[in-house]
Each structure stands twice: as C-alpha cells, then as structure tokens.
Amino acid sequence: RSVGGLPPHIVGSFENPVGFQQAASGSYYVFDRRGHAVYTVDAGRTRAQKIVEIGGEEGRIIQPTGFDVSRDGRIVVADVPRLQQRVQTFDAQGARLSGFFLPGQPAARVTIGNLMLNGAGSIQHTGSTLLISHPESGALFTEYSPGGYAQRSIGSLRSTGFEDDRELHVAMNAGLPLVDPTGGFFFVFITGTPLIRKYDSAGTLLFERHIEGRELDDYLAAQPKRWPRRQVQDKVVPFVTPSILAAAVSNRGELWISFSVPFTYVYDRDGDKIRTVQFHAAGLFSPTSLSFSPDGRLLVTPGCYEFDPR
C-alpha cells in the first residue's frame, strides 16, 4: 500500500500525470502528457511549478510521448511537432540544452490509450546518453548522444512469427531499454509474448528469460492473432496494445515489470522472478510508470504515489 506521495491538491493540478521521478536534489518531476507540460515539485512537496510549457517551437513540447530524468535533474522529453519525432533535453529548471529529430516514423504504433510506448516514447536517460527502442533499424535499441548522434545499436530482433509482415514484426520487437545501476542494460519486450533480455555494458547478450505466471495466463491466451491497422500520414500501420505498461530497475538491480492486468513481477539481477506485487492506493491499480528515488522508494503513476519496495 502507498506510504505517501504528492498531496492531492498538487496532483489535482495535473491533467494526466504519466511520469513521476525524483532527482538527487530531492526535487520531484512530473510529466503531464495531456497538459503538454513538465512540472517540478519541491522536496517538501508544498508547491508545483510548470517548467516546460506547451508549444511546437524549441524549448516547448507538443503531443509528448516519452519522459525521463537523470539523477542530476536533467530532463529528456520526446514529442511530435509537425508529425516528426523530436527529442529535447532540458536542465533541472526547464531550460533547453539540446535537441534533435529522429528520422522517419515508427513502423507501427504500440499504444495504451493515446500514449505511444514505442519509438521515442521509450526514451531513457543514462546520465550521459539516451536510449530509445528502435527495432525499425534492425536492432532492439539505439544509444544516442544528447545532440542526436547514434553511437551504437544493441540487441538483435527476436523471432515473432510475423516476419512476413514487417510492420507487425517490428511492433512485436518494441520494448523498454533500461539502465541497470549495477551494470549493463535490461530490455523488456512489451508486446506479444513477454520477454526479458539482459545485456552487459558492451552490449553483449547475457541471458534471455520468458515472463510467465498464472496471473497472466488468461490475458496472454486472449491476445489477438491479427491487429487493427490505421492510417498514419501516407502509411497504413498496425496499432498494437502492450501487455506491459511500465518497467524500472531498482538501485540494487532488481527489475520491476507492471502489466496491463493489475500485477507486477519483480526479478533479480540474474533474471529469476522473486516476487509478485499488487499496488493499492485509492484502490487496486496497474502502474502506468515506475521509477526509483535516490533513496530507493518506488514512485508510481497514476496518482503520484510513493511505495516502500520492501
């Protein structure tokens, strides 16, 4: 059960908070997708201040899809001005530091509600570089400099059974690249058959684990074999809903994975499942984002709650 979080009068000022993180300074950051904004909340949780505003020009955000915060408070936001995927980095006060556009469009959309989880929506800040799920390139994820230079690609695509449908094959390789603070990276496949891969810091595959549990059996058995398609600009692409909504790695290297059904699995550094968790606040819910504070508390949306992961 929740042990705290932002007070209701602050949470009530956000339209749709889908990201909640804390920097080493103690300041909290909230990503309000529907409000096209980023807020900071002081360490005492007494007031919220909007530091990134709506807009398509540089230094503002429009139709945002992804968000992350480094330990020193640098913020990265992915958005879509003029139907182009853009990535911008801001300092702790919301001043723009750098930005770039990603080439092309995602080959398929992985969506929950109106939030796109693949492409730039999967972005994570490593502290010095940015990780983005990019299966369109033939690799699982790409590491970029803050200025947009692609430094390396990591991970080969998995077999999906949809290789004759490129867009759907790419969608089934979408996922969340995650930094392990104890070393290396996790990659969590968020569509199709849930799967975990672990890579070392050089990008070498260490292991692969299937995500299984009786809590997921009925949900996964009901997954469609064909997905609806929609027009995006001049292309018709599949729109795929994920089985996994959020994932994060604790300071001890434990991987937490939240599903569309209200269960969260916890895996140790070797990829073995060690816990099954359910979150309760105003009621039972499935987290749409997970992050760990510098002192190890688990921060969750919706609701901007805090939990003791022990």
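A residue counts as buried here when its relative accessible area is under 20%. Keep that cut-off in mind for the first stop. The model is predicted.

**Stop 1: strand β13**

Select residues 130-133, strand β13. Both faces of this strand are covered. Leu 130 and Ile 132 are buried on one side, and Leu 131 and Ser 133 are buried on the other. In a regular strand, side chains alternate between the two faces of the sheet.

Look for His 125, which stands opposite Leu 130. Four residues separate β12 and β13 in this hairpin. In its turn, Gly 127 has a positive phi of about 110 degrees.

**Stop 2: an open sheet**

Select β16 to β19. These four strands form an open, antiparallel sheet in the order β16-β17-β18-β19. β16 (175-179) and β19 (205-210) are at the edges; each has a single partner strand, so one side of each lacks a neighbour in the sheet. Neighbouring strands are turned by 15 degrees against each other on average, direction ignored.

Zoom in on β17 (185-189) and β18 (195-199), which pair over five bridges. Phe 187 has Arg 197 in β18 as its bridge partner.

**Stop 3: the largest nonpolar core**

Which residues have the most contacts inside the largest nonpolar core? Select Leu 178, Ile 211, Leu 255, Ile 257 and Phe 259. The core has 18 residues. β16, β17, β22 (244-249), β23 (255-259) and β24 (264-267) each give two or more residues to this core.

Centre on Ile 211. Beyond its neighbours within four places in sequence, its contacts include Pro 194, Leu 216, Ile 257, Phe 259 and Tyr 265.

A second, separate core has 13 residues. Select Val 18, Phe 31, Ile 61 and Ile 75, which are among them.

**Stop 4: the cavity**

How many cavities of 30 Å³ or more does a search of the whole structure find? One. The largest cavity holds about 30 Å³ of space. Select its lining: Pro 194, Leu 216, Tyr 219, Leu 220, Ser 243, Phe 259, Ser 260 and Val 261. Finish on helix α3 (214-221), which supplies the largest share of that lining, three residues.

Notes: Residues numbered from 1 in each chain as written. Predicted model: local features only at pLDDT ≥ 70, side-chain atom pairs only at ≥ 80, totals over all residues. Heavy atoms only, no water. Pairing = 2+ DSSP bridges. Axes fitted to C-alpha atoms, helices over the stretch in contact; angles between N-to-C directions. Core = buried A, V, L, I, M, F, W, Y, C linked by side-chain atoms within 4.5 Å. Buried < 20%, exposed > 50% of the residue type's maximum accessible area, 1.4 Å probe, protein only. Contact = heavy atoms within 4.5 Å. 1 Å grid on protein atoms, 1.4 Å probe; cavity = no way out; pocket = protein on both sides within 12 Å on 5 of 7 lines; lining within 4 Å. Points joined across faces, edges and corners; volume = space filled by probe spheres on them.
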